[in-house]
Amino acid sequence: MVALPMQDDLRRVLDDEGHVLPGVKVPELSEETLHRMFDVMLQVRTVDERMMRIQRQGRLGFYMKAIGEEASHFAVLPLRPTDWVFPSYREQGAWFWRGYSIDEFINQLFGNEKDPVKGRQMPVHHSARTLNMVSISSPVGTQIPQAVGAAHAAKILGKDDVAMTFFGEGTSSTGEFHVAMNFAGVYKAPVVLVCRNNGWAISVSASQQTAAKTFASKAVGYGMPGIRVDGNDVLAMVQVSTEAIDRARAGEGPTMIEALTYRVQGHSSSDDPSVYRDPNEPAPWEKKDPLVRFRNYLKQIGLWTEPLEVGIVERHNQAISDAMSRADKLGPPALETMFDEVYEEIPWHLEEQKQWLLRQERTKSPHAH
Amino acid sequence: MPVMNIIEAVRDALRSEMRRDPRVVVLGEDVGKFGGVFRATSGLFDEFGADRVIDTPLAEAGIIGTAIGMALYGLRPVPEIQFSDFIFPAFDQIVNELAKFRYRSGGQYPCPVIIRTPVGGGIRGGHYHSQSPEALFIHTPGLKVVAPSNPYDAKGLLLACMRQNDPVLFMEPKRIYRASRGEVPDGDYTVELGKAAVVAEGTHCTILAYSGMVSIAEEAVKKATEAGISCELVDLRTLMPYDIDTILASVKKTGRCVVVHEAPRTCGFGAELIAAIQERAMEHLEAPILRVTGFDTPFPYTLEHEYLPTAERVLGAVRQTLEW
C-alpha cells in the first residue's frame, strides 16, 4: 500500500478577520446560499442563547450550546437530501440547514406530545427520518460505525449516497472511533468523518486525549486522508467537505476531517468551565468567532448590511417565541405511549405492564413544570 | 424430506432468504470464503458474492455497529458473532443502540438486525467458548431473544426473524450443532416467534427448557417415564417475548415445574420464569418450582461436565417436586 500524505497544514479560506487569504480559491456559492448560511448561523446563535436563558430560568431541563462552533456544522452543506447524517449532540446548524423546524427542535427539548421522539430522550437528542438525520445517542462514538454501515449499504445497493458523521476530539479515544475508521478504510465506504476538535471533552483538554500531533493524522493509519481545517472558517469547512463528499461519491472511499474549533463555553448547561480551565483561554478564540468572520466576509463582498442581520435575528427570535408559546400549550406524551415502539407490536408482557400502569393513580412528578 | 443438522438448517434458512430478499446480507468474522468457523455460511459467498457475504475486520463492535447502519439504510443484515462469549465488545451497540433505535427515535428508525451467535458449553471450549449470556439480553428492552433446540425450529425461527422488523439475538446451541438431526422441509416455512412447543406431554411435572438443554431434558423425560413419572417438556424456543400461555397451561395441568438452563443460576432466566408462574398460578402449584442450572462460577474447562445440567440432575429435581 502506498502511504498517504499527511495533511497537517490547516486548510483556510479566510483569515481571522474574514479576509480571503492570498492565493486561496474561494468555494463557489451563490448569493442565496451565502445568505442562507449566514441565516442558519445566526439561527443557531439565537436559539442557543435563548435556550440557555430559559434553562437558567428553570424552564428547560438541560441544554448544549454550540457557540463558537457553528461553522463546523456546515460540513453538511454540500450533501444531497438523500445523503445521511449521523450527528453528535452539538450540530444544531446541520439540523436547521437540512430543514429541521424550530417547532420540532423546541418540542424535542421540552419532550412534549409533539416531540418527534415522543419524550423519550433528554433535550438535544433529535431525530428526523424524513431528513435522513439519524437519532442522536448520548454515549459518544456509537454513531461512527453506524455511519460507516449506512455508507457501505448504499454502496452494496448501488446507490451513490454518502454518509457523514460528527464527533468530538474526545471521542477519538473510544474504541468505536478506531473500529469504525478501520472498517471505513477496509470497505472504502463512502463516508465523511468529521471530528470537531473543540479543545475540550467536558473538563479534559485535547492534549490529554492523544499523544498524536493532530487528530487528523490518525486517518493515515486507516488508509484514508485526514484533512485539518479551520473549523471557524465556514468557507473552508464547505470547501473541504465538498472535496471529501466528492471523493466518497466517486468511489474513492472515506475521508476524516478534523475541524479545529473551540468550545467557548461549557460542555452543557450542567458544566462550569471555570473549575478546570484558564479563564483567559477562550479570549483569543472569541476573536476568531466564525460568525464574525463570515459577517466580515459578506460585508466585503457587499452581501451584508446591519438591517439585514437585525432582520434575520428578529425573525428567528420571533419564531422561537412563537414555537415556545405553541409548546407551552402542549402536554406531555400520553401515558400509554411509554410502551409504544419498544417493538413493532406490543408483546404480551408490555401490554400487561401498560394495563397495570393505567390502573394506578397518577402522582405528581417532581419534575413537572 | 431432507434430514439436516442445525448448521445445515441455519444455512438453508440464510440461503433461501437471501435468494428471496436481495436486502439480506451476512457479515462477520470468517463468514465469507471460509463459510464461518462452524460452516454455517458455507457456500453463501460463492453464490451471493462479497457484497452480500461480508468478511469483516476482527471487531465485534464494528460488526454490530455497521450492521445497525446498514439496517437503518434499508438492508436486512444478519451478522454472526463467532462465539457468544465474544459478544461483549458489541454490548453497547446491542443494548444502547440496536435495541433502542426504534424507541428512542419515536418510531422513526426501526433497526431489523438479526444477530446469530453460537451459545453454550459441552464442546470443551473453556470459559471463552461456552457461555450462555441470554439473561443479559432478555433483560434488554427492545431486543427479541430466540433459542432453537433442533434443526426444524432453527430454520423456521430464523426465517421468521428475518421477516419481522425488530432486532433479534438468535442463539444457536453449538453443542448439538451437528448432533441434532431431523427432518427439515426444503421449502419455505416459518415457526412463529413467541410460541413454545410442547415436546412431550405429561401429567406429573412440567420441565421448561430451551436451546441445548432441551435434549438433556428429553433424556430426563425418558428416564422419568421408565421410573413411572410422567413429565411434560416445554421447549420455550423464543425467550423474549416468552410464551406465558403455554407455560401456564402446562404448569396448571401438572402442578409442578422444573426449569433447566445452563447459564448461571442467580438472575438467570429461570428466576424470571418462576416469578412469572407463581404470580399467576400459585393456587395450582403442588410444590416449589425448582431450577437445574449452571453454577454462579465462571464456566470451567476441565470440569465442564460437572458444571452443566445433566439428565440425572433434572430427574432428581423432578423427583424432589414430587416428594415435596
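The buried residues of helix α9(A) are covered by elements that include α1 (31–56) and α3 (102–110) of chain A; here helices (H or I, at least four residues) and strands (E, at least two) are DSSP runs, numbered from the N terminus. The model is a predicted one, in which local features need pLDDT of at least 70 and side-chain atom pairs count only at pLDDT 80 or more, while totals for chains, interfaces and linings use all residues. Residues are numbered from 1 along each chain as its sequence is written, and chains are lettered from A and ligands numbered from 1 in the order in which they are written.

Helix α9(A) spans residues 306–328. Its 23 residues reach 32 Å from the first C-alpha to the last, close to the 33 Å expected at 1.5 Å a residue, where the expected span is 1.5 Å times one less than the number of residues. A:His316, A:Ile320 and A:Met324 are buried in this helix. A residue is buried if 20 or more other C-beta atoms lie within 10 Å of its own, exposed if 12 or fewer, and partly exposed in between, with C-beta atoms placed from the backbone. An α-helix has 3.6 residues a turn, so residues three or four places apart point the same way.

Strand β4 of chain A, residues 191–197, is mostly covered, with seven of its seven residues buried. A:Val191, A:Leu193, A:Cys195 and A:Asn197 point one way, and A:Val192, A:Val194 and A:Arg196 point the other way. Strand β3 of chain A (residues 163–168) runs parallel to β4(A) and is joined to it by six bridges; two strands pair if DSSP finds at least two bridges between them. A:Gly168 stands opposite A:Arg196 of β4(A).

A:Phe166 is found in β3 of chain A and counts as buried because it has 28 C-beta neighbours inside 10 Å. Beyond its neighbours within four places in sequence, A:Phe166 is in contact with A:Pro87, A:Ser88, A:Glu91, A:Val194 and A:Arg196, contact being defined by C-beta atoms, placed from the backbone, within 7 Å. A:Pro87 is 79 residues away along the chain, yet its C-alpha atom is separated from that of A:Phe166 by 5.0 Å.

In chain B, strand β5 (residues 114–119) is largely enclosed by the rest of the structure, because six of its six residues are buried. One side carries B:Ile114, B:Arg116 and B:Pro118, and the other B:Ile115, B:Thr117 and B:Val119. Six bridges join β5(B) to the parallel strand β7 (residues 168–173) of chain B, with B:Leu169 as the bridge partner of B:Ile115.

The two chains meet through 38 residues of chain B in contact with 38 residues of chain A. On the chain B side, α3 (60–73), α4 (91–98) and α5 (101–104) each supply at least two residues, and the largest share, ten residues, comes from α3(B). In α4(B), B:Asp92, B:Gln93, B:Ile94, B:Glu97 and B:Leu98 are buried, and α3 and α5 of chain B are among what covers them.

As for confidence, pLDDT is the predictor's confidence in each residue, from 0 to 100. Chain A has a mean pLDDT of 95, and 97% of its residues reach 70 or more. Over residues 1–7 of chain A, however, pLDDT stays under 50.
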